[in-house]
Amino acid sequence: MLGPLGPWLAMLGFGAFHGLNPGMGWLFALSLGLQQQRERVIWLSLLPIAAGHALAICLAVVLVLLGLQVVSLTALQWITAGMLLLFGLYKLFNYYRHPRWVGMKVGARDLFLWSFLMATAHGAGLMVVPALLGVAGSMEGAHAGHAGHAGDGTSGGLVMLGAVALHTGAMLLVMGATAWIVYRRFGLAILRQRWVNFDLIWAVALLVAAVIAALMAWS
Amino acid sequence: MALWKPDPSFYPSAKMAMQAPPERHAYVAALNTGRNDQPDGIRVVDLDPHSSSYGEVVHALDLPHLDDELHHFGWNACSSALCPYAPHPHLERRYLVVPGIRSSRLYIIDTKPDPRRPRITKVIEPEEMMAKSGYSRPHTVHCGPDAIYVSAMGSANGDEGPGGIFLLDHFSFEVIGPWELDRGDQSLAYDFWWHLAQDVMVTSEWGTPRQFENGLVPEELLGQKYGHRIHFWDLRKRKLSQTIDLGKQHQMVLELRPAHDPRKTYGFAGVVVSTEDLSASIWLWHQKGGTWQMDKVITIPPEPADADDLPPALKDFGAVPPLVSDIDLSLDDRFLYVSCWGTGELHQYDVSDPFKPKLAGKVAIGGIVNKAPHPKSADPLLGGPQMVEISRDGRRVYFTNSLYSTWDDQFYPDRMGGWMVKVDVDPDGGIQLDPDFFVDFGETRVHQVRLEGGDASTDSFCYP
C-alpha cells in the first residue's frame, strides 16, 4: 500500500470525485449564476455548498472518533465495510432516489443545508470512513507506546479536521474547475452529451469503499 | 433499464429543445364516453411526412374500462429531470400518465419498446387514487423535477371541492398524497404550471364536478359561480401565497402558460367567457414590486348570429361567444396560440412584448355557426379548435375539436365527431392549415395531443 500517505491520498481522491458529481453542487451553482446572469454567483454559491459537504464529512469524523472509544480499529473497519456494502447495494438498485428538496430560489443558508442533506443522504461521509480510519490507524501507529487517550483524542481530532479540510479543498477545486469549464467552454449542451449516470458510479464507489475497508480490516 | 446517458429528449433549456428533431407521431386522447358503448383510448397518429401512413391513425389502444372520459394527459418525465437540485437525468421519457376525469382512474401507458404500439403497464383504480390523494377527477399532468404532479377537480368524496394537486412517485407511480400543505381559501381547481426558477406554482379555476360533469349549468354561469380567480403558491412550502380575482364576470379561468425561459416571470391565462358581453380574454400575470399582478392583454369579442343558427344553450343571446378553451405558448415564448372553440378560429398572437400581443395569424375551421370545412373534408365541420399542441421547433401546430363530452353535446348538438388538423407556421408569424392533414376519427371524439419527445406544454426548464 501507500503507507501513511495512502489515507490522505484517498481523502483527496474522494474529494475530487465528490466534486465532480453534478448532484453534489457545481451544477446547482452554475444554474444559479445563469439564472441571475452573474458569473460571480457561481463562485460564491460554491462556498456554502462546500461548507455543507464538509459538515457531512465532519459528522462521519465524529462517529469514527466515538466509535473508536467503544470498539477496536479493526472492529470498526469491519463494521464500516458491512455498512458500506449494505448501503452500496441499496444505492445500486435505488441509485435514482434523491431526497425531495424543492427549491431554486436559494440563499447561502439553503445551499449549505441542501449540500449537507445531499452528501449525507448519498453517503458521502460513509464513503470516506475507510480513509478516515486509515488516518486514525496511522496515528495509532505513530502514537504506539505513548500513553494517555485524552491527548490522543484532541490531537486525533485536529488531524481528522485536517483530513476533512483536504477533502473539502479538493472537492471545491474540482467543483469550481468543472463549473468553469462548462460555463466558459462547453455550455449547457454538455449536460445532454456527457452527463453519465453518476448515481450508478456513486453506488459502485460505495461498494469499492466497502472492499477497501474489508481489506484494511483483514490486513 | 438504467440509462448511461441522459434521455436524448431532455434539454437543459427551451432554446436547445427548439433544435430537437421533428416529431414523428402523436398520442391523442380518444373519447367514446357518452357516445357509444366503446371504451376510451389512446390513438397513435403518424406525423412523419415521409411515411406512407402520414396523417393516419396507425394504432388504437383501447382501455379495459368504459366511461373513463379521457381528457388531458402527460409524460412521466421531461426536461425538468435535469434541474440541479434533484437531478435524475437518467430517467426515461417513456410512460404516459393518462387520467380518466370521470372515473378517477389513472392509467400508466408504456410507449416502449414500440412507440407506435403503446401498452398499459399499470392501472391505479379510483378507490386507491381517492384514498391516497384525497381528490377525485384527475386532470392536468406535469412532469416535475421531484415527482409527477397531477391536478384534480374534486374532493375524494362527492361532487364538490376542494380540488387540488397530488403527487405520483416518478419511479413506482405510487400515489404519494396531496401536494398542498396550506391551501388558504382555494377550493376550485383546473390547470396548474410553475415558474421553477422562482419556486412558484400557479393554479387556475374551472368549477366543481357538479358544475361540469352533466354539462354546463346555465344558472351557475349566469350566477357567476364558476371560477374567476388565479392562485400563486410557494412551490417549496406548498402554501398559497397570493390570489388574484379577475372579476366575477370572467367565468372559467382555464389554461396557464408560463414563459419557458426561467428568467422570465410572466405567463398567460385564458378566460372562457365574460358574462357581461360573452367575450373571451387572455390575461398576463407578471411581477411588480414583489407581488403578482394580472392584466387583461387580449379581448376576443363574440360574433352576432341568428338565433336559428344557435344551439338551445345560446339562443337567447343572439351571438356566438368565442369560448377560449385552450392556449399554448411556443418554446421561444414568441407566439401564443388561442383556441376559439365557439367561433371556430385559431388565433396566433406575437407576444414578443407580452403586454402588447399582436394578432399575427388566424385560421378558421368548424365553429358553432360557420362550421367551416377543411380542404380535405367536404362536409361542414362540427366542433372547433380546442386542444392545441405546438411542436418543439414551433413550426407545426396540431389541434383537435372536442372540449368535454357533455359540453360538446350542448354547443354542438348535432352529434359532433372527432377530427385533428395541422397548421404550418411561418417563422415570422402567420399560420395556414396544412391542406393534406386531416385526421377523421369518425364518431370518436379527440382531446389532448402529446407529441413524440415532448412539446410546448410538457417540458419545463431550469436553465436559460
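**A first look**

Met201 of chain B stands opposite Trp233(B), which belongs to strand β14(B). That pair is a handy place to begin in this predicted model.

- Strand β13 (residues 200-204) and strand β14 (residues 229-234) of chain B run antiparallel and are joined by five bridges.

- An open sheet of four strands in chain B has the order β3-β2-β1-β30, with antiparallel pairing.
- Its edge strands are β3 (57-62) and β30 (445-451) of chain B, and each of them pairs on one side only.
- From one strand to the next, the twist averages 25°.
- Strand β2 (residues 41-46) of chain B pairs with β3(B) in the antiparallel sense, over five bridges.
- To see residues facing each other here, look for Val44(B), which stands opposite His59(B) in β3(B).

**Helices α3 and α5 of chain A**

- Helix α3 (residues 39-70) and helix α5 (residues 108-121) of chain A pack at an angle of about 40°, and their axes are 7 Å apart.
- Because of that angle, α3(A) is oblique to α5(A).
- The crossing in which α3(A) passes α5(A) is right-handed.
- On the α3(A) side, the residues making the contact include Ser45(A), Pro48(A), Ile49(A) and His53(A), while α5(A) contributes, among others, Leu111(A), Phe112(A), Trp114(A) and Phe116(A).
- Sorted by class, the contact of α3(A) with α5(A) has twelve nonpolar and five polar residues, and no charged ones.

**Helices α4 and α9 of chain A**

- Helix α4 (residues 73-93) and helix α9 (residues 198-218) of chain A pack at an angle of about 160°, with axes 8 Å apart.
- That angle is why α4(A) is roughly antiparallel to α9(A).
- Here α4(A) passes α9(A) in a left-handed crossing.
- Among the residues making this contact are Trp78(A), Leu84(A), Phe87(A) and Lys91(A) from α4(A), together with Trp202(A), Leu206(A), Ala210(A) and Met216(A) from α9(A).
- The contact of α4(A) with α9(A) divides into 16 nonpolar residues, four polar and one charged.

**Where chains A and B touch**

- The contact of the two chains takes 24 residues from chain A and 32 residues from chain B.
- On the side of chain A that touches chain B, the elements giving two or more residues are α2 (26-36) and α8 (189-194) of chain A.
- Of these, α2(A) gives the most, with five residues.
- The residues on this side of chain A comprise 15 nonpolar, six polar and three charged.

Definitions and conventions. Residues numbered from 1 in each chain as written. Chains lettered and ligands numbered in written order. Predicted model: local features only at pLDDT ≥ 70, side-chain atom pairs only at ≥ 80, totals over all residues. Contact = placed C-beta atoms within 7 Å. Nonpolar A, V, L, I, M, F, W, Y, C, P; charged D, E, K, R; others polar. Axes fitted to C-alpha atoms, helices over the stretch in contact; angles between N-to-C directions. Parallel < 35°, antiparallel > 145°, perpendicular 65-115°, else oblique. Left-handed = near helix turned anticlockwise from the far one by under 90°. Pairing = 2+ DSSP bridges.
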